[in-house]
Amino acid sequence: MNERDRSSPRLAIVVDEACTRIFDAWEQRARVTALRVNPAVYEAVAAARPGEVRRGYPLMLLGLELVADQDVETYQPAVVKEDDAC
Amino acid sequence: MLTQEENERLCQVGPDTPMGRVLRRYWTPAFQLGDLPGSDCPPIQVPLLGESFVAFRDTSGRLGFLDELCMHRGASLALGRVEDCGIRCLYHGWKYAVDGTILETPNFPGSTFKDRVKQGSYPVRESGGLGWVYLGPAGTEPPFPSFRWMAAPPAEIAISEMILDCNWMQVQEGSIDSSHVGILHLDTLAVTHPGPRAVGSFEFAGEPWDTGLAPPPSRLGFGLGWPSQDNGPKIEVEYTPFGFHYAALRDASEPGKQYVRVTAFVTPYTAFIAGTTGSVIVVPRDDTSCSLYLAAHVPGGAASGALNRGIDPSVWGPERGNRRLRIPTQDREAMASGRSFAGFRGGNRIQDAAVQMSEGRIYDRRKEHLVPADLAIIRMRRLLTDSLKLVEEGEKPLGLGEGYDFSNISGASAVIDAGARWQDLVPGNLGEPARPAVVDEVT
């Protein structure tokens with residue numbers, strides 16, 4: 001992790017990057033089923049939505065379920081496409 | 001969504017806040033010139049970015065924009081006398097020139113004090129029916145945004161202002177949000193272009209109901225109607241020298257065509273909405289209220305009142321002191337019978353203001369669930385929060401438009417061939433030569 005990654009992630013960047021990737025996938029006529037994010041992002045979203053966590057709802061961003069993935073950089077979320085092995 | 005810290009940094013506008021420092025690096029619309037109609041007219045108090053100022057026009061017609069409270073004992077200069085090339089505090093008679101120079105200190109005669117300090121004063125310019133000020137550090141003024149509509153004769157420029165009791169970002173996000181237009185504004189579309197439409201399973205006959213909307217839509221540039229039933233537009237965004245522009249692309253009713261609405265966001269206050277002849281300008285008064293200015297070029301004159309018709313004066317009156325919008329009562333009977341979708345009379349601004357203020361004084365963006373159709377909003381937050389970081393690092397914020405001709409900016413509303421380049425509708429936005437504004441175009 002670089003210095004920026006150690007602080008609370010800037011979700012404004014994460015959401016923008018994720019949204020761009022979703023549109024790119026749609027452009028390729030792919031169906032997007034989930035979003036892989038760095039665990040720090042996952043934790044930031046969970047911290048922001050304690051009510052949804054408490055009710056047992058999945059954590060969602062841009063309408064997609066979040067999957068924590070250590071291999072994903074903080075500001076490079078990745079879309080999971082329908083035909084991807086997840 | 002944003003973290004709590006990001007949301008606070010985005011929304012707080014005071015002089016000692018990160019966003020407050022960013023916003024002060026742009027020319028800021030502060031008041032209507034119509035509120036200072038002549039030399040030595042009464043001054044006005046101007047709440048802006050969490051501070052309070054006084055604006056006045058001196059004997060020779062020059063504008064002054066000063067800190068509101070007299071530097072002697074803090075009485076409001078908005079109560080003062082404007083006379084003999086200055087503004088005089090009522091309390092002890094201290095008098096100031098438009099540049100803040102202390103002209104007289106009657107209860108402290110003979111002192112050199114007045115020659116050594118000044119009342120806080122700020123650069124102010126008159127353009128497009130508005131007074132614009134620069135509140136940033138001296139010597140850092142960016143180019144002035146001379147938009148195309150500002151060049152119109154004064155009689156052809158229509159200005160209106162509404163004060164909304166909510167944080168300015170809620171209103172600004174609404175002004176660049178295309179996906180609500182074919183939903184929240186169904187009642188307006190039913191007046192401008194009647195016909196059946198649907199929102200999910202709600203079948204709307206689309207007969208005119210909000211009939212108080214007097215201005216012919218073509219006068220303000222709403223001529224094309226809404227040739228699409230697609231409520232889930234694809235959003236494409238491009239950065240520009242002034243911020244960004246984006247296209248909301250919808251399947252058109254006509255096969256093989258797409259309905260395109262291009263909106264330009266001029267950092268940080270202004271949007272050129274698709275298919276209109278002017279701008280929507282949102283300026284924070286403080287953290288929990290803002291002014292929404294609508295500025296439009298109305299060719300042929302008759303601009304006076306053009307933007308104000310159709311709105312009940314009990315909800316909003318254009319006169320100073322009665323510009324604060326109150327959410328009107330919804331007509332639930334009309335909603336239940338299917339004659340109205342939203343139940344608010346008064347057009348888009350009332351509908352927009354109602355939902356934006358309903359989000360609370362400062363919306364908690366931790367709780368929101370954005371979708372891809374919100375990309376323009378997402379990009380605006382990115383641009384503004386990137387500017388926060390740049391200014392904190394001693395750099396300039398984004399979108400200052402240095403070297404760019406702001407008169408080239410336009411929006412567009414058009415039906416074009418599916419797959420055609422929407423950028424060709426607004427070539428000036430990327431810095432290419434200007435061409436006449438695209439209001440309605442069918443190719």
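Two residues are in contact when their C-beta atoms, placed from the backbone, lie within 7 Å. The model is predicted: local features need pLDDT of at least 70, side-chain atom pairs count only at pLDDT 80 or more, and totals for chains, interfaces and linings use all residues. Residues are numbered from 1 along each chain as its sequence is written, and chains are lettered from A and ligands numbered from 1 in the order in which they are written.

**Interface**

In chain B, 16 residues are in contact with 16 residues of chain A. On the side of chain B that touches chain A, α1 (4-11) and α9 (375-392) of chain B each supply at least two residues. Helices (H or I, at least four residues) and strands (E, at least two) are DSSP runs, numbered from the N terminus. The largest share of that side, 6 residues, comes from α9(B).

| Class, side of chain B that touches chain A | Count |
|---|---|
| nonpolar | 7 residues |
| polar | 3 residues |

**Hairpin**

Strands β2 (residues 44-48) and β3 (residues 51-57) of chain B pair in the antiparallel sense over 5 bridges; pairing requires that DSSP finds at least two bridges between two strands. B:L48 has B:E51 in β3(B) as its bridge partner. With 2 residues between them, β2(B) and β3(B) form a hairpin, and B:L49 in the turn has a positive phi of about 50°.

**B:R125**

B:R125 lies in strand β9 (residues 124-127) of chain B. Leaving aside its neighbours within four places in sequence, B:R125 is in contact with B:W132 and B:F144.

Conventions: Ala, Val, Leu, Ile, Met, Phe, Trp, Tyr, Cys and Pro count as nonpolar, Asp, Glu, Lys and Arg as charged, and the others, Gly among them, as polar.
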